[in-house]
Amino acid sequence: MTDPANPVMALDPLDRRLVLATQAGLPLVSRPYHALAAQLGVPVDEVLARLERMLQRGAIRRIGAVPNHYALGYRANGMTVWDVDDARVDALGRQVGGLEFVSHCYRRPRRPPDWPYNLFAMVHGRRRDEVERQVEAIARLLGNACRGHEVLYSVRILKKTGLRF
């Protein structure tokens, strides 16, 4: 159902078919947008224009790769959590997020007294010793702004999909 007063949510039937066709991922072919166009029976320029319009309106947040780290051989995946000085956490978080081995980094509220951590950074390695070296690099970058940290290793994949209609 669409809401005409909210253009972000208004999808016409072809937009909806396009979202349904892509929600499990783009076709794994050399020209995925051409494959979508053929599937939907529209020109590829129409597919690209509609995706761009939905991105601009916020109906789609992003189009990107979602790697399966386990399948790529990265068996030591750790969410590192850091207790960082609140006055410096945004600037330091941008630096941590820019490290080549950090896949995503974000700030979260503390939950005292049990959870003092306010900066999260996901790192990936083929072995835990590789991850531990990455953790040491982050600790050096944070310096005296960091009061403590933990590494929460993944033991299995629970979910690797986006929202489904």
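Modeller: Start with the contact of H1 with H3. From H1 come Leu 14, Asp 15, Leu 18 and Val 19. They meet Glu 46, Val 47, Arg 50, Leu 51, Arg 53, Met 54 and Arg 57 in H3. By class, this contact of H1 with H3 has six nonpolar residues, five charged ones and no polar ones. This is a predicted model, so every value here is computed from it. The axes of H1 and H3 come within 11 Å and cross at roughly 90°. H1 and H3 are therefore roughly perpendicular to each other.

H1 also packs against H2. H1 covers residues 13–22, and H2 covers residues 32–40. Their axes are 11 Å apart, at an angle of about 125°. That angle makes H1 oblique to H2. The crossing of H1 past H2 is right-handed. On the H1 side, the contact uses Leu 14, Arg 17, Leu 18, Ala 21 and Thr 22. On the H2 side, it uses Leu 36, Gln 39 and Leu 40. Sorted by class, the contact of H1 with H2 holds five nonpolar, two polar and one charged residues. Note Leu 14 and Leu 18. They meet residues of H2, and they also meet residues of H3.

H3 spans 44–57, and Tyr 74 lies in the loop between H3 and S1. Tyr 74 is partly exposed, with a relative accessible area of 26%. Leaving aside residues up to four places away in sequence, Tyr 74 touches His 69, His 124, Gly 125 and Arg 126. Take Gly 125 from that list. Tyr 74 and Gly 125 are 51 residues apart in sequence, yet 5.1 Å apart in space, C-alpha to C-alpha.

S1 runs over residues 76–84 and pairs with S4 in the antiparallel sense over seven bridges. S1 and S3 also pair in the antiparallel sense, over seven bridges. Thr 80 stands opposite Ala 121 in S3. Thr 80 also stands opposite Val 151 in S4. Val 81, for its part, stands opposite Glu 150 in S4.

How much of S1 is buried? Nine of the nine residues of S1 are buried, so S1 is largely enclosed by the rest of the structure. Ala 76, Gly 78, Thr 80, Trp 82 and Val 84 point one way from S1. Asn 77, Met 79, Val 81 and Asp 83 point the other way.

The crossing of H4 and H5 is right-handed. H4 brings Leu 92, Gln 95 and Val 96 to the contact. H5 brings Ile 138, Leu 141 and Leu 142. In the contact of H4 with H5, five residues are nonpolar, one is polar and none is charged.

Is Gln 134 buried or exposed? At 9% relative accessibility, Gln 134 counts as buried. Beyond residues up to four places away in sequence, Gln 134 touches Phe 101, Val 123 and His 124. His 124 is touched by Gln 134, and Tyr 74 touches His 124 as well.

Last, the loop between S2 and S3. Pro 113 is found there. A cis peptide bond joins Pro 112 and Pro 113, with omega at about 5°. For context, most peptide bonds are trans.

How values were computed: Residues numbered from 1 in each chain as written. Predicted model: local features only at pLDDT ≥ 70, side-chain atom pairs only at ≥ 80, totals over all residues. Heavy atoms only, no water. Axes fitted to C-alpha atoms, helices over the stretch in contact; angles between N-to-C directions. Helix = DSSP H or I, 4+ residues; strand = E, 2+ residues; numbered from the N terminus. Parallel < 35°, antiparallel > 145°, perpendicular 65-115°, else oblique. Left-handed = near helix turned anticlockwise from the far one by under 90°. Contact = heavy atoms within 4.5 Å. Nonpolar A, V, L, I, M, F, W, Y, C, P; charged D, E, K, R; others polar. Pairing = 2+ DSSP bridges. Buried < 20%, exposed > 50% of the residue type's maximum accessible area, 1.4 Å probe, protein only.
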